[in-house]
Amino acid sequence: VSQVVLFQGFQLRNTIRRNELYYESSVQDIAKARNDLSLNVASQYLQLVLDEELVRANQLHVDSDNAQLARARLLLKAGSIAESTVLDSESQLATDELTVITAQNQVNLAKLALMQLLNIEPATAKNFAIDVPQLPDPDTEAANVLDLDTTSTTAANRLPALQAAALGVQS
């Protein structure tokens, strides 16, 4: 008795087509991973820019507090204010100095996270710094008006995650 399959309802052809779609889906998954990495790097870069700006802003508060403390000490010597006002100024200065140190720690953590995403060894990158481009004030520019239909169509055609999902459904 021999067994010969004459017709399997295009099972082999459909299996080959399904595997081709799985392969294309996997290629799109790789593109999605690259996309995600790019977005993570950009996000971490922006976080580092924000943290550096917070350090600068908090340092301005410390400078202002120092000026107020010096003024308060002069007024205390002149007898115009109570000693508690000077102590309040010193307390505010200490609080703002702590805020600067905390913000600097956030800069260091953001810098380390960015270096890790870029596969830069922290031990060898002692002088790692970022460039912050000079951008125009967004309030002075005209608002961008986006067409939601065009945006969603473009995303569906370009985003690897959506393409991979569509290929998964087809397979």
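The legends below describe close-up views of a predicted model.

**View 1. Helix H2 and its buried residues.**
Helix H2 runs over residues 83–117, 35 residues in total. From its first C-alpha to its last, H2 reaches 51 Å, close to the 51 Å expected at 1.5 Å a residue. The buried residues of H2 are Val 86, Ser 89, Leu 93, Asp 96, Val 100, Ala 103, Val 107, Ala 110, Leu 114 and Met 115. Helix H1 (11–78) is included in what covers these buried residues of H2. After H2 comes Asn 119, with a positive phi near 60 degrees.

**View 2. The largest nonpolar core.**
This core has 10 residues in all: Leu 48, Val 55, Ala 103, Val 107, Ala 110, Leu 114, Met 115, Ala 125, Phe 128 and Ile 130. At least two residues of the core come from each of H1 and H2. The most is given by H2, with five residues. In soluble globular proteins, nonpolar side chains tend to be buried together.

**View 3. Met 115 and its contacts.**
Met 115 is one of the buried residues of H2 and belongs to the largest nonpolar core. Residues up to four places away in sequence are not counted here; with these set aside, Met 115 touches Ile 120, Pro 122, Ala 125 and Phe 128. A second, separate core has six residues, including Val 62, Val 86, Leu 93 and Val 100.

**View 4. Packing of helices H3 and H4.**
Two packed helices are described by the angle between their axes and the distance between the axes. Helix H3 (residues 148–158) packs with helix H4 (residues 160–170) at an angle of about 65 degrees, and their axes are 5 Å apart. H3 and H4 are therefore roughly perpendicular to each other. On the H3 side, the residues that meet H4 are Ala 155, Ala 156, Asn 157 and Arg 158. Their counterparts in H4 are Pro 160, Leu 162 and Gln 163. By class, this contact of H3 with H4 has four nonpolar, two polar and one charged residues.

Gln 28 lies in helix H1. Its relative accessible area is 17%, so Gln 28 is buried, the cut-off for buried being under 20%. Apart from neighbours within four places in sequence, Gln 28 is in contact with Pro 160, Gln 163, Ala 164 and Leu 167. Among these, Pro 160 and Gln 163 are also residues of H4 that meet H3.

Key
Residues are numbered from 1 along each chain as its sequence is written. This is a predicted model: local features need pLDDT of at least 70, side-chain atom pairs count only at pLDDT 80 or more; totals for chains, interfaces and linings use all residues. Side-chain values use heavy atoms; hydrogens and water are left out. Helices (H or I, at least four residues) and strands (E, at least two) are DSSP runs, numbered from the N terminus. The expected span of a helix is 1.5 Å times one less than its number of residues. Buried means under 20% relative accessible area, exposed over 50%, partly exposed in between (1.4 Å probe, protein chains only). Contact means heavy atoms within 4.5 Å. A nonpolar core is a set of buried Ala, Val, Leu, Ile, Met, Phe, Trp, Tyr and Cys residues joined through side-chain atoms within 4.5 Å. Axes are lines fitted to C-alpha atoms, for helices over the stretch in contact, and angles run from 0 to 180 degrees between N-to-C directions. Angles under 35 degrees count as roughly parallel, over 145 as roughly antiparallel, 65 to 115 as roughly perpendicular and the rest as oblique. Ala, Val, Leu, Ile, Met, Phe, Trp, Tyr, Cys and Pro count as nonpolar, Asp, Glu, Lys and Arg as charged, and the others, Gly among them, as polar.
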